[in-house]
Amino acid sequence: MKNFAENLLRAIESKKERMIEIRRYLHAHPELSFKEQKTAAYITDFYQDLECTVKKNVGGYGVVVEIDSGKPGKNLALRADFDALPIQEETGLPFSSENPGVMHACGHDAHTAYMLILAESLIELKDQLTGKVTILHQPAEETPPGGAIQMIKDGCLEGVDHVIGCHVMSGFDLGTVYYHAGPTQTGRATFKLKVQGKGSHGSMPNAGIDAVLVGSQIVVNLQSIVSRRVNPFDMTTLTVGSFDGKGSANVLKDAVYLEGDIRMMDEASRPIIKEAFESVVKGVCEAYGATFDLDYADDYPVLMNDQKLTEFVANSLQEHSFSELKAVVDSGPIAPSEDFAYYCQERPSCFFYIGATGEGQVSYPHHHPKFDIDEDSMLIAAKSMGTIVSDYFGQES
């Protein structure tokens, strides 16, 4: 497979400028989760004249591309997401979003661009492969229930042996690939809580039930879940990110609204947290005579990278590195959640990370209105995946 690897990397390199053009077009035309109709059409059109099988509208706007060598062998799936976020862009880039209030502030435009070029190059060289490569162009990673679970339910993993994906990461060094085996990204739950009190004038607090006071007590008591109910070796966070209690300064608020999320690195903690959360809300409300309406939703699971496959990915990149790749290091666990975790539940999978901030560049976090990447990270992503694909099928010979 040595000649195949060299030919593949050479093909990817020759298309770098087109990769950048694709990314910039997608960046200027972002679409929100579950609304990516035009992006899905753009992806489908890209494959129109290429020798592959394309399935559209998989689990919504998902696009599944099958690259069949015509020879027996394994089936490796590669995933790239393509939805954007409800953020007003402030980068000032000449290719900034043309859709007000919508922005590719997480790098999914880059994921799609590198994957399209990688897939095209694999199709051109598929006669040198064995088995199949399945490309999963996934919508709606950002918004639960997420696009991954919808595509899985619609059969995108039928016949697939393994799934691999990667994410460009601001704040991580350009030229470095990061990986981690086992529990790698947090599982998540979200909540929306209405606390119903009884409004009254501030001069007569005894005639009402102060929803602001009740809500405040709930916020304070919820923090005891992490500190007293969860195993201290399980990284857990509980955030009340929104507390809507605005009203007149001299009036006891009739109702308040709280929203937030919970993250954990051990699925065993999930039911413990949920039970404790409901207990705190119920107990505080009963103590003050208030009522409540709670919407507590478990969504993305802990992302569990398969030990054997992750070791293979890391070893492949360390042993067959290319000029742009300077280092391959274990990142340790990553705090955000990611719906790639659903693929991990179905097949041995690996999700790794591409450093996207060059030396001396200002780095803004993901989901920030000034988020951007060094576009050389896309070439590293494509070549990294290409190297892994070559090595993966080379193991069979």
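Modeller: Gladly, and let us begin at the domain boundary: there are zero salt bridges between domain 1 and domain 2, a salt bridge being a side-chain nitrogen of Lys or Arg within 4 Å of a carboxyl oxygen of Asp or Glu. Please keep in mind that this is a predicted model, where local features need pLDDT of at least 70 and side-chain atom pairs count only at pLDDT 80 or more, while totals for chains, interfaces and linings use all residues. Residues are numbered from 1 along each chain as its sequence is written, and side-chain values use heavy atoms, with hydrogens and water left out.

Colleague: Which residues make up domain 1 and domain 2?

Modeller: Domain bounds come from an automatic or database domain assignment. Here domain 1 is 1-185 + 302-394, and domain 2 is 187-299. Their C-alpha centres are 38 Å apart.

Colleague: How should I read the area buried between domain 1 and domain 2?

Modeller: The size of an interface is often given as the accessible area lost when the parts come together. Buried area is that loss with a 1.4 Å probe, summed over both parts. For domain 1 and domain 2 the value is about 730 Å², and carbon and sulfur atoms give 57% of it. On the domain 1 side, Pro-144, Val-302 and Ser-337 lose the most area to domain 2, together 60% of what that side buries.

Colleague: How many residues are in contact between domain 1 and domain 2, and how many residue pairs are in polar contact?

Modeller: Contact means heavy atoms within 4.5 Å, and nine residues of domain 1 meet nine residues of domain 2 in this way. A polar contact is a pair of N or O atoms within 3.5 Å; within protein, one must be able to donate a hydrogen and the other to accept it, and residues adjacent in sequence count only if both atoms are side-chain atoms. Three residue pairs are in polar contact across the two domains, both residues being at pLDDT 80 or more. Strand E7 (residues 182-185) supplies the largest share of the domain 1 side, three residues.

Colleague: Which strands does E8 pair with?

Modeller: Helices (H or I, at least four residues) and strands (E, at least two) are DSSP runs, numbered from the N terminus, and two strands pair if DSSP finds at least two bridges between them. E8 (residues 187-196) runs antiparallel to E12 (residues 255-264), with 10 bridges; Arg-188 has Arg-263 as its bridge partner there. E8 also pairs in the antiparallel sense with E13 (residues 291-298), over eight bridges, and Lys-194 stands opposite Asp-293.

Colleague: What about the salt bridges of the structure?

Modeller: Side chains of opposite charge can pair when their charged atoms come close. The structure holds 19 salt bridges. One of them joins Lys-16 and Asp-376, whose closest N and O atoms are 2.8 Å apart. Lys-16 lies in helix H2 (residues 16-28) and Asp-376 in helix H10 (residues 376-394), so this pair ties together parts 360 residues apart in sequence.

Colleague: Where is the place of Ser-96, and what does Ser-96 touch?

Modeller: Ser-96 is in the loop between strand E3 (75-81) and helix H4 (108-124). Leaving out residues up to four places away in sequence, Ser-96 touches His-27, Ala-28, Glu-89 and Thr-91. Its side chain makes a polar contact of 3.5 Å with that of Glu-89 and one of 3.3 Å with that of Thr-91.

Technical notes. Buried area = accessible area lost by both parts, 1.4 Å probe.
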